[in-house]
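Subject: A structure for you to look at

Hi,

Here is the structure I promised to pass on. Please have a look at it first, and then read my notes below.

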Amino acid sequence: MAAAITGVGAYAPRFRISSEAFEEAWGQFHASGVTEKAVPSADEDALTMAYEAATRALEAAATD
């Protein structure tokens, strides 16, 4: 049986911070051409974002 990718999923936090606000808070912003960044809410971390992406991948693949 050959392995295959049958679905993919992604997740990005819904909150955004402008490059100006980021630079004001941190004193620097070195991302040429970037005007804003996605930032997680207080209850989001790498694990919860990974879970959301994995759930979407499983839904796209129509598998359990």
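The secondary structure of the protein chain consists of two helices and two strands. Going along the sequence, they come in the pattern β-α-β-α. The radius of gyration of the protein chain is 17 Å, well over the 11 Å that the globule rule gives for 64 residues, so the chain is more spread out than a compact globule. Please keep in mind that this is a predicted model.

Some overall figures first. Along the principal axes, the C-alpha atoms of the protein chain fill a box of roughly 55 × 25 × 15 Å. Of the 64 residues, 11% count as buried. The protein chain exposes about 5300 Å², and carbon and sulfur atoms supply 56% of that area. If we take the contacts with a sequence separation of 6 or more, 52% of them are between residues 24 or more positions apart. As for charge, the protein chain has 4 positive and 10 negative charges, and their mean positions are 3 Å apart.

Phe22, Trp26 and Phe29 together form one aromatic cluster.

Is Trp26 buried or exposed? Trp26 has a relative accessibility of 65%, and since the cut-off for exposed is over 50%, Trp26 counts as exposed. Phe29, in contrast, has a relative accessible area of 18%; buried means under 20%, so Phe29 is buried.

Phe29 turns up again in the surroundings of Ser19. Ser19 is found in helix α1, and at 10% relative accessibility Ser19 counts as buried. Which residues does Ser19 touch, leaving out those up to four places away in sequence? They are Phe29, Val34, Thr35 and Glu36.

Ala2 lies in the segment before β1 (15-18) and is exposed, with a relative accessible area of 70%. Between Ala2 and Arg14 there are 37 Å in space, C-alpha to C-alpha, for a sequence separation of 12 residues. Ala54 has its place in helix α2 (residues 46-61). At 40% relative accessibility, Ala54 counts as partly exposed. Ala54 and Arg16 are 38 residues apart in sequence, and their C-alpha atoms are 22 Å apart in space.

Best wishes

Conventions: Residues are numbered from 1 along each chain as its sequence is written. This is a predicted model: local features need pLDDT of at least 70, side-chain atom pairs count only at pLDDT 80 or more; totals for chains, interfaces and linings use all residues. Side-chain values use heavy atoms; hydrogens and water are left out. Helices (H or I, at least four residues) and strands (E, at least two) are DSSP runs, numbered from the N terminus. The radius of gyration is taken over C-alpha atoms; the globule rule is 2.2 Å times the number of residues to the power 0.38. Buried means under 20% relative accessible area, exposed over 50%, partly exposed in between (1.4 Å probe, protein chains only). Contact means heavy atoms within 4.5 Å. Accessible areas come from the Shrake-Rupley method with a 1.4 Å probe; for residues, only the protein chains shown count as cover. Lys and Arg count as positive and Asp and Glu as negative; His and the chain ends are not counted. The place of a charge is taken as NZ of Lys, CZ of Arg, CG of Asp or CD of Glu. Rings of Phe, Tyr and Trp (its six-membered ring) pair if their centres lie within 6.5 Å; planes under 30 degrees apart count as stacked, over 60 as edge-to-face and the rest as tilted.
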